[in-house]
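Subject: Structure for your files

Hello,

Please find the structure below. My notes on it come after.

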Amino acid sequence: MSLTFHWFLPTYGDSRDIVGGGHGVPIGTAGGARPASVAYLGQIARTAEQLGFAGALTPTGAWCEDAWLSTAMLTEVTERLKFLVAFRPGLLSPTLAAQMASTFQRLSGGRLLLNVVTGGESAEQRSYGDFLDKDARYARADEFLHVVRSLWRGETVDHDGAHVRVEGARLTRVPDPVPPVYFGGSSAAALPVAVRHSDVYLTWGEPPAQVAGKLDRVRGLAAEAGRELRYGIRLHVISRDTAEEAWAQARKLLDGIPEADVRAVQEGLRRSESEGQRRMLDLHGGSRDGLEVSPNLWAGFGLVRGGAGTALVGSHTEVADRIAEYHALGLDEFILSGHPHLEEAYWFGEGVLPILRRRGLWRHPAGDPAADAPATVPFSPQPVPARV
């Protein structure tokens, strides 16, 4: 199977420095020098599309723009790129969510992917009027997704559960195709829900040995449920022509972070209810020392950012090697990002993807572009070889 790559849309703003936001980070701390306008996000989306990314993840939360509205606007400035819309079950009815997804599919030409986020922080959930605790949110997501998937099959649904109640629910038009459901979560409450309802199980970028252990647990639960899932990973990336250049950029990002900001963000993240966030924190312990937690895996992003906190750092070949290593564990989908998102998309798309293509691990969704073909220089007797 060819690897699938997705990029990221920073709907909270972008910068040449690490931009905060995410689990446990106070609302209002995100943002950057480049506002999240349709014009700028459109630049990123068109770049990702041209380079060969299949889709783009859009986050959800009070610290960023609404994912549904942002991506609906961006379908008008792109042609093929799919949008991995993060949304939280329980903040709207399952019938309305199923209808919104169906409408998005029809009007975009089937370009919707759904990332289910139960909500890791009770304080933020309460600001939206949701007062359930973490385990109850997963139980509600279980009922919610049961109703949504039943509606997508064209069924009329009556459901009277502990958290979700609908009567005579039915869609006038079902989505075609049905949008794939992406689902993360590392806790005991999350995994059973993930294996029952997800098409793609997602993990954050932990060292390969830890990822392997998590995937083994999920595969076992999926087998018990009679299901086969695909698997994906969420990472940042700093890829350059040489390893020295890549690590210099990582050091530059780290040097731009005041120690007071690290302490403040780490204090907030330690209060997070997310098991995945705890695992991210354990990789660095809030310290700037020893941030390369596995070959070419750098935990520096997690010092000032909630959620995904690790990056692949190295030469294009080294980054390709690490991706191949994760792929050998069973990961087929990679959701990547980098600061700034526009430039880093080019570094990865022009540096790493051609290597993976030559290894037979990836192909451009629109077919093989001519970018890797030798260039013809006027009056030159020999073609200029493609850049390696």
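This is a predicted model: local features need pLDDT of at least 70, side-chain atom pairs count only at pLDDT 80 or more; totals for chains, interfaces and linings use all residues.

Residues are numbered from 1 along each chain as its sequence is written, and side-chain values use heavy atoms, with hydrogens and water left out.

Overall fold. The chain has 13 helices and 13 strands (DSSP runs numbered from the N terminus, helices being H or I of at least four residues and strands E of at least two). Its radius of gyration is 21 Å, close to the 21 Å that the globule rule gives for 388 residues, so the chain is as compact as a globular protein of that length (taken over C-alpha atoms; the rule is 2.2 Å times the number of residues to the power 0.38). The C-alpha trace spans about 75 × 45 × 40 Å along its principal axes.

Helix pair. Helix H1 (residues 38-51) packs with helix H12 (residues 341-351) at an angle of about 5°, their axes 9 Å apart (axes are lines fitted to C-alpha atoms, for helices over the stretch in contact, and angles run from 0 to 180 degrees between N-to-C directions). H1 and H12 are therefore roughly parallel to each other (an angle under 35 degrees). Residues of H1 that meet H12 include Tyr40, Ile44 and Leu51, and those on the H12 side include Leu342, Ala345 and Tyr346 (contact means heavy atoms within 4.5 Å).

Pocket. The second largest pocket is lined by 18 residues, of which Thr4, His6, Ala54, Lys82 and Glu333 lie nearest its centre (a pocket is an open set of points on a 1 Å grid over the protein atoms alone, where a 1.4 Å probe fits, with protein on both sides within 12 Å along at least five of seven lines; lining residues have an atom within 4 Å of a point). Strand E1 (residues 4-8) gives the most to this lining, with three residues.

Backbone. The peptide bond from Asp176 to Pro177 is cis, with omega near 0°, and Pro177 lies in the loop between strands E6 (165-169) and E7 (181-184). The bond from His339 to Pro340 is also cis, with omega near -10°; Pro340 sits in the loop between strand E13 (333-337) and H12.

Regards

Notes
Angles under 35 degrees count as roughly parallel, over 145 as roughly antiparallel, 65 to 115 as roughly perpendicular and the rest as oblique.
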